[in-house]
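Please read these notes alongside the model.

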Amino acid sequence: GLVLGLIAGVLINNHNRDLVEVIRPFSAIFIRMIRMIIAPLLFGTLVAGIAGAGHFKDVGRMGLRAIIYFEVVTTLALLIGLFMVNIMKPGVGMVLPIGANPGITAKPQTWQEIILHTVPTSVIEAMATGDVLQIVVFSIVFAIGLGMVGEKGRAMVEWCESLTEAMFKVTNIIMLYARSEEHTSELQSRQYLVCRLLLEKK
C-alpha cells in the first residue's frame, strides 16, 4: 500500500499538479491525527506501565531498557540521516534570492536552558504544544507518585490502562484512514491516466 501510494504521488505530481491541491488536505488530516494521539498515548502508556509495575526495581529496569533503546534508535536515525545527506546532497545547486528570509528563527540553547526545558510549567500546555519530552517527564513523575499512593491509586492506573487500550484502537482507525487515502490517490491517478489515454486516442 505504501509503495502504491508513493507511485501514485509521483504520477500525480508529474502529470496533474492541480490534483495535488485536492489531495493535500487529506494528507494534512492524517498528520494532524497522528499528532493528536501522541500526548494521550504517551501519558497512558507510561503511567500504566510504571505505576502498574508495583515495584520500583522493575521500574528502574524498564527505565534503563528504555534509555538504551532510545539511545540506540536515536544513534541509528542520526547515522541514516548523515548517510542520506552525504549521498543525496539535498539543496545542492539551489540558489536562494538575495536577501530572502529563510524563516529560521531558532537560536542555540545553553545546557541550562535544555535542562529547564525538560520540566513543563504546565502539563496542559505541554500536551497542547505536543512537547514530547515534557510529556514524558511529567508522566514518569506522576506515575512514581501514583505508585507511592498504593491501592488508593489503583483506580487511576486502571483508567490509564483503559486510556492506552482506547488510544491503540484510535491508532488502528487512523491506519485504516491512511490506507483509504492511499487507495483514493491511487484511484485518482488511474482515472487521470485512463482519461488521458482516451483523449489521446480521439
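1. Accessibility terms come first. Buried means under 20% relative accessible area, exposed means over 50%, and partly exposed lies in between (1.4 Å probe, protein chains only). Phe138 is partly exposed, at 27% relative accessible area. Phe142 is also partly exposed, at 28%. Phe43 is buried, at 10%.

2. On provenance: this is a predicted model, where local features need pLDDT of at least 70, side-chain atom pairs count only at pLDDT 80 or more, and totals for chains, interfaces and linings use all residues. Residues are numbered from 1 along each chain as its sequence is written, and side-chain values use heavy atoms, with hydrogens and water left out.

3. Next, the rings. A pair of aromatic rings is described by the distance of the centres and the angle of the planes. Rings of Phe, Tyr and Trp (its six-membered ring) pair if their centres lie within 6.5 Å; planes under 30 degrees apart are stacked, over 60 edge-to-face, and the rest tilted. Helices (H or I, at least four residues) and strands (E, at least two) are DSSP runs, numbered from the N terminus.

4. How are the rings of Phe138 and Phe142 arranged? Their centres are 5.8 Å apart and their planes meet at 20°, so this pair is stacked. Both residues sit in helix H6, 4 residues apart, about one turn of the helix. Ring pairs join Phe43, Phe138 and Phe142 into a cluster.

5. Now the core. A nonpolar core is a set of buried Ala, Val, Leu, Ile, Met, Phe, Trp, Tyr and Cys residues joined through side-chain atoms within 4.5 Å. The largest one has 14 residues; Phe43, Val47, Ala51, Ala143, Leu146 and Cys160 touch the most other members. Helices H2 (18–51), H6 (132–149) and H7 (154–201) each give two or more residues to this core. H2 supplies the largest share, 7 residues.

6. Two residues show contacts across the sequence. Contact means heavy atoms within 4.5 Å. Leaving aside neighbours within four places in sequence, Ala143 contacts Leu46, Val47, Ile50 and Ala51. Thr171 lies in helix H7. Thr171 is buried, with a relative accessible area of 19%. Not counting residues up to four places away in sequence, Thr171 touches Ile37 and Leu41.
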